[in-house]
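Thanks, everyone. I will take one structure today and go through a few places in it, starting with the chain as a whole.

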Amino acid sequence: MLHTLPRPGSGLQTLPETGSVLLASVAASPATPDPAVFADAVARYRALERLREFRSRVYDCLARRADALFELTDAVLCADHAVTSLVRLCLEPEFTRGHGALYDALSAGRIDDERLFCLLASELPQAVDGPEALAWIAEHDVIDRGLLDRALAGLSPDDAAQVRDACARWSRLRFAVDATAYPRPDAWCSPGREHVHNGACHCKGSSRTAPGREYQFTAAIGHLRTAWAALLDVTRTTPATRTEQTITQVRNVLRRLRAAGHGREATPLFVFDAGYSAAALTDGLLGCPAHVLVRLAAGSVFYAEPVTWQGKDGRPARRGPAVHCLEPADFAADAGQGPRGRKKPLPPNPEPDEELTLPDTPLYGTVRAGAWHRVHPLIHGGRGWFAGRKQLPVLHGTLVHVTVERLPDGRDPHRAMWLWHAGPGPLSLTSSGAPTSPGSTSSTPSSSSRAPSA
C-alpha cells in the first residue's frame with residue numbers, strides 16, 4: 001500500500017522509492033529496524049493519504065467524461081516536456097486511452113467550476129513560502145505581541161482589529177490578478193473569438209492584436225522573490241465586460257476564502273497590473289474585506305483634498321492640488337502628447353506625505369518611495385464603469401511613487417512606477433512588510449501606526 005497511489009476510476013499509480021525502502025530495511029535487519037526509516041515511511045504514508053483525498057475530491061469535480069479528463073490531467077502533470085500538442089499526451093503512460101477519447105473528453109467533458117475553485121481555496125496553505133522564506137520572515141518580524149495586546153486593551157473592537165490587521169504583515173494572503181491571451185487565428189469557426197492582445201504580433205503601431213480568447217487568472221503568491229504560485233480562479237473575459245468580470249471574480253475569491261477559513265488574521269491583498277481601471281476596482285470592491293494595489297499608467301492625475309479655512313469667502317473648492325504621474329522632465333512646456341506639445345508647464349507635484357528610502361538593496365540598489373494619502377481620481381460619468389450615474393463618488397486612496405537605481409538585469413530604469421492603493425484602511429510605507437536595511441530613512445505620519453500593511 002505504501003508504494004502505490006489509488007487513481008479514481010482506474011488502477012493504481014506507482015510511486016517509486018516509497019515502499020521499497022521500507023521493505024529493504026526490514027529485510028536487512030528484521031530484529032531491530034531503524035526507527036528513522038519507519039518515521040519516514042509514516043510521513044510518506046500520511047502525505048500520500050492527503051494526496052489521495054485531494055485527488056478523489058478533484059475527481060468528484062468532473063461531471064462528464066471524468067475518467068478521461070482525470071487521466072488527461074495526470075498526463076499533463078507527469079509529462080517531462082512542455083505540452084505543445086494534445087495528441088502527444090496520448091503517448092504518456094498516464095493516459096491509457098486513445099487519441100479519440102482525448103478529444104472527446106475535451107469536447108463533451110464537463111467540470112463543476114465552482115466546486116473545483118472551492119477545493120483549491122480550501123487547500124491553500126496558510127504559509128505560502130518555503131522554510132527558508134519563513135526563517136527570513138521570523139528573523140525580520142520583530143513585533144512584540146504581548147506589548148501589542150496590552151496596548152489594544154483600551155481600544156474599541158473595530159480599532160483593535162484595524163491595528164492587528166496592520167501588524168499581520170506576514171500572514172496576509174496576496175493574490176495577483178492578470179489576463180493572458182490565447183491566440184486562435186486559424187480557428188475560423190471557434191465561437192466567441194475576439195481580437196486579444198498578442199505581443200508576438202508583427203502589426204505596426206500599438207494595435208498588436210490577434211483573433212483568439214482571453215482568460216484571467218487569480219493566483220496566490222508569496223511574500224518574497226520566489227516562484228511559488230497557486231491558481232485559485234480562472235474566467236474567460238471579454239473587453240466589453242472585463243471590469244465587471246474582474247470585480248465579480250475577486251468577490252468570488254473572497255467568498256471562497258471566508259468559507260475555507262482563510263484571511264481571518266489580515267485582509268487579503270489583490271495586485272493588478274496596468275490596464276485595469278483603479279477607480280472602477282475601488283468603487284466595485286468598496287466595502288469588501290480586500291486591499292487593492294493597481295499599477296497606474298503614465299499620465300494619470302489624482303487630486304488632494306481641497307484646502308479650506310475659516311472665513312474664506314466664495315464657492316468652496318472641489319479639488320485640491322493635482323498629483324501627476326509623470327517624471328520631472330515631463331512637466332516642461334513642450335512635453336505634451338499632442339503634435340504641438342504642452343503650451344504651459346505643469347505645476348510641480350506637492351511634497352509627499354510620507355517617504356521611505358532603502359539604500360543598497362541587492363537587486364535594485366537604492367529604492368525610494370513617496371506616498372500621497374487621501375487623494376482621489378477625477379471620475380468621468382459619460383463612459384466606462386461610471387456611465388449613467390447621476391452622482392459620482394469620491395474615491396479616496398493612497399498614491400505611491402517608487403523609483404529604483406537599477407534593474408536586476410543591469411539595465412537602467414527608464415521610468416518610475418506609480419501605484420494606487422485602496423482598502424479598508426490607509427496605506428503606510430513603513431508597515432508594508434518590505435525588508436529595511438540599516439540606515440534606511442523614513443518620515444511617517446502619525447496615523448501610520450494604524451495603517452494596514454500591503
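As background, most residues other than glycine have a negative phi. Arg-374 has a relative accessible area of 48%, so it counts as partly exposed. Please keep in mind throughout that this is a predicted model.

Where is Arg-65? It lies in the loop between β3, residues 62-64, and helix α3. With 35% relative accessibility, Arg-65 counts as partly exposed.

Now the chain as a whole. The protein chain has ten helices and 17 strands. It has 454 residues, and 35% of them count as buried. What share of the contacts between residues at least 6 apart in sequence join residues at least 24 apart? The figure is 59%.

Next, the two helices α3 and α4. Helix α3 runs over residues 66-78 and helix α4 over residues 99-108. Two packed helices are described by the angle between their axes and the distance between the axes. Here the axes come within 9 Å and cross at roughly 105 degrees. Angles from 65 to 115 degrees count as roughly perpendicular, so α3 is roughly perpendicular to α4.

Which residues meet there? From α3 we have Ala-68, Leu-69 and Leu-72, and from α4 we have Ala-101, Leu-102, Ala-105 and Leu-106. By type, the residues of this contact are seven nonpolar, no polar and no charged.

I'll pick out one of them, Ala-101, which is in helix α4. Is Ala-101 buried or partly exposed? Its relative accessible area is 24%, so Ala-101 is partly exposed. Leaving aside neighbours within four places in sequence, Ala-101 is in contact with Ala-68 and Phe-95. Ala-68 and Ala-101 are 33 residues apart in sequence, and their C-alpha atoms are 6.7 Å apart in space.

On to the aromatic residues. How many aromatic pairs does a search of the whole structure find? It finds five. One of these is the pair of Phe-302 and Trp-420, which is stacked, with 5.0 Å centre to centre and 15 degrees between the planes. Phe-302 and Trp-420 are both buried.

There is also a charge over a ring to mention. Arg-319 lies over the face of Tyr-303, at 4.9 Å from the ring centre.

The last stop is a glutamine. Gln-249 is in helix α9, residues 242-260. Its relative accessibility is 3%, so Gln-249 counts as buried. What does Gln-249 touch, not counting residues up to four places away in sequence? The list is Val-177, Gln-216, Phe-217, Thr-218, Asp-233, Val-234 and Thr-235.

Methods
Residues are numbered from 1 along each chain as its sequence is written. This is a predicted model: local features need pLDDT of at least 70, side-chain atom pairs count only at pLDDT 80 or more; totals for chains, interfaces and linings use all residues. Side-chain values use heavy atoms; hydrogens and water are left out. Rings of Phe, Tyr and Trp (its six-membered ring) pair if their centres lie within 6.5 Å; planes under 30 degrees apart count as stacked, over 60 as edge-to-face and the rest as tilted. Buried means under 20% relative accessible area, exposed over 50%, partly exposed in between (1.4 Å probe, protein chains only). A charge sits over a ring if NZ of Lys or CZ of Arg is within 6 Å of the ring centre and within 35 degrees of the ring normal. Axes are lines fitted to C-alpha atoms, for helices over the stretch in contact, and angles run from 0 to 180 degrees between N-to-C directions. Helices (H or I, at least four residues) and strands (E, at least two) are DSSP runs, numbered from the N terminus. Angles under 35 degrees count as roughly parallel, over 145 as roughly antiparallel, 65 to 115 as roughly perpendicular and the rest as oblique. Contact means heavy atoms within 4.5 Å. Ala, Val, Leu, Ile, Met, Phe, Trp, Tyr, Cys and Pro count as nonpolar, Asp, Glu, Lys and Arg as charged, and the others, Gly among them, as polar.
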